[in-house]
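I opened this notebook to record what I looked up in the structure.

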Amino acid sequence: MRIAKGTGFELTVTADLQKWRAFVAIGELGSLTRAALFLDTNQSVLSRQINALERDCGARLFNRTGRGVELSEVGARLFPQVMALLADAQSLEGEIRGEAREPSGRVVIGSLPSISNPLTGRLYTEMRVRHPGVSLRILEGSSGQVEEWLADSRIDLAILYRYGPTLPELEHALATVDSYLIGPRGDRLTRGDEIRFEALAELPFILPSAPNGLRTALDAMARQHRITLAPVIEADSLPLQRSLVEHERLYTVLPLHAVWTELQDGRLQAARIVDPPLERCISMATARSKAPARAVSAVADQLRRIVDAMAARGMWRIGPGPGVPAPNA
C-alpha cells in the first residue's frame with residue numbers, strides 16, 4: 001500500500017514574514033526612520049530585525065548611504081520575490097478574515113480642518129452602516145503637515161486643497177470650491193451675492209499666515225491686480241477666524257463649507273469673490289497604503305458619494321472651474 005507523504009516544505013529564513021515586511025518597507029522608503037513610522041514601530045527594533053535577517057541570509061541586504069539606505073545587490077535580487085511572497089500571504093489573510101467578502105481594517109485619513117469638519121461625522125455614520133468592519137482614524141493638520149504624513153505613509157488617504165491646472169500623481173479632484181469674502185451680520189460689503197476682487201483692498205482682514213495655500217493665492221492675485229491686502233491679525237485657527245469676524249467685525253476669505261453653520265444661523269455673511277474668482281479644488285490623494293486595500297477603497301468611494309451629496313446642497317461644485325482639472329482628468 002502506498003503511504004501518503006506531506007509536502008516537504010522547509011522554512012528557516014522565510015519563517016518570519018514580519019522581518020521581510022520590514023525589509024520591503026525599508027527598501028521602498030529608503031530610510032529606517034520612515035519605515036519605522038510606516039510600520040508603527042520603534043527604529044531600534046526595526047534595525048535589530050534587519051540585522052538578524054542579514055545574519056540569517058549570510059549577506060548584506062542594504063548599503064548605508066549619507067541619505068539613508070539602499071538595497072544591496074543581494075537585496076535588490078531578493079526584493080521582487082519577497083514582494084510576491086508577501087502579496088500571497090496577504091491574499092491568504094484576506095480569505096481567512098473574510099476580507100474578500102467585506103472590507104475591514106483601520107483607515108487613516110489626513111485632512112485640513114476646514115474640509116474634515118463637514119465630512120467626518122457623515123463619513124463615520126455612513127461607514128458604520130455600510131461597512132461596520134472598517135474603523136477610521138482622522139488626523140487634522142496644516143497643508144504642510146498633511147503633505148508630510150502622505151510622503152511618510154502615515155496616512156492612507158489625504159484630503160487637500162489644490163490650486164492650478166494639474167494634480168500630483170495618485171490624486172484626483174473631488175469638487176471645485178469658490179472663495180467668499182466673509183463678513184459679520186449686517187455688513188454692507190457681504191450683503192450681496194458677489195463682490196469684485198479689487199473691493200478687498202485694505203479691508204481689516206484676519207487671514208492665515210504664510211506659508212498657506214489660500215494666503216499664497218490671495219497675495220499673488222493682489223500683486224497681479226495691484227491692490228493691498230491688509231491683515232490686521234494673522235491666525236491659522238479656523239474657529240478663531242470665524243469668531244473674530246463675527247464679534248470684532250473683521251473680514252476673512254473662506255469657502256462656504258467652512259462657515260456653513262454660521263451662515264445658516266445668520267451670524268455671518270458671504271459674498272462670492274469674482275473678477276477674477278479665486279477657485280481651488282478639493283483633492284483626494286492615496287498613499288502607499290498599509291491598511292487593507294478594500295477598506296481604503298470603501299472609504300474613498302464613500303467620500304466621493306458624500307462630496308457629491310454636499311454639492312447638491314450648494315457647499316461646492318462638482319466639475320472643473322477655470323484652471324481646475326476635471327475629476328477624471
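I worked from a predicted model. I began with a bridge: threonine 65 has glycine 68 in E2 as its bridge partner. I then looked up the strands concerned and found E1 (residues 62–65) and E2 (residues 68–71) running antiparallel, joined by 4 bridges.

I turned next to helix H3 (residues 43–57). I checked its length: at 1.5 Å a residue, its 15 residues should span 21 Å, and the end C-alpha atoms lie 21 Å apart, so the two agree. I listed the buried residues of H3 as Leu46, Ile50, Ala52, Leu53 and Glu54. These buried residues pack against helix H1 (17–29), helix H2 (32–39) and E1. Just after H3, I noted a positive phi of about 65 degrees at glycine 58.

I then traced an open sheet of 5 strands, with mixed pairing and the order E4-E3-E5-E13-E6. Strand E4 (134–140) and strand E6 (171–178) are at the edges; each has a single partner strand, so one side of each lacks a neighbour in the sheet. On average, neighbouring strands of this sheet are turned by 20 degrees against each other, direction ignored.

Within this sheet I examined strand E3 (residues 105–111), which runs parallel to E4 and is joined to it by 7 bridges. Valine 107 has leucine 136 in E4 as its bridge partner.

Last, I looked up helix H6 (residues 143–151), which lies across E3, E4, strand E5 (157–162) and strand E13 (279–286). I recorded that H6 runs at about 140 degrees to E5.

Note on methods:
Residues numbered from 1 in each chain as written. Predicted model: local features only at pLDDT ≥ 70, side-chain atom pairs only at ≥ 80, totals over all residues. Heavy atoms only, no water. Pairing = 2+ DSSP bridges. Helix = DSSP H or I, 4+ residues; strand = E, 2+ residues; numbered from the N terminus. Axes fitted to C-alpha atoms, helices over the stretch in contact; angles between N-to-C directions. Contact = heavy atoms within 4.5 Å. Expected span 1.5 Å × (residues − 1). Buried < 20%, exposed > 50% of the residue type's maximum accessible area, 1.4 Å probe, protein only.
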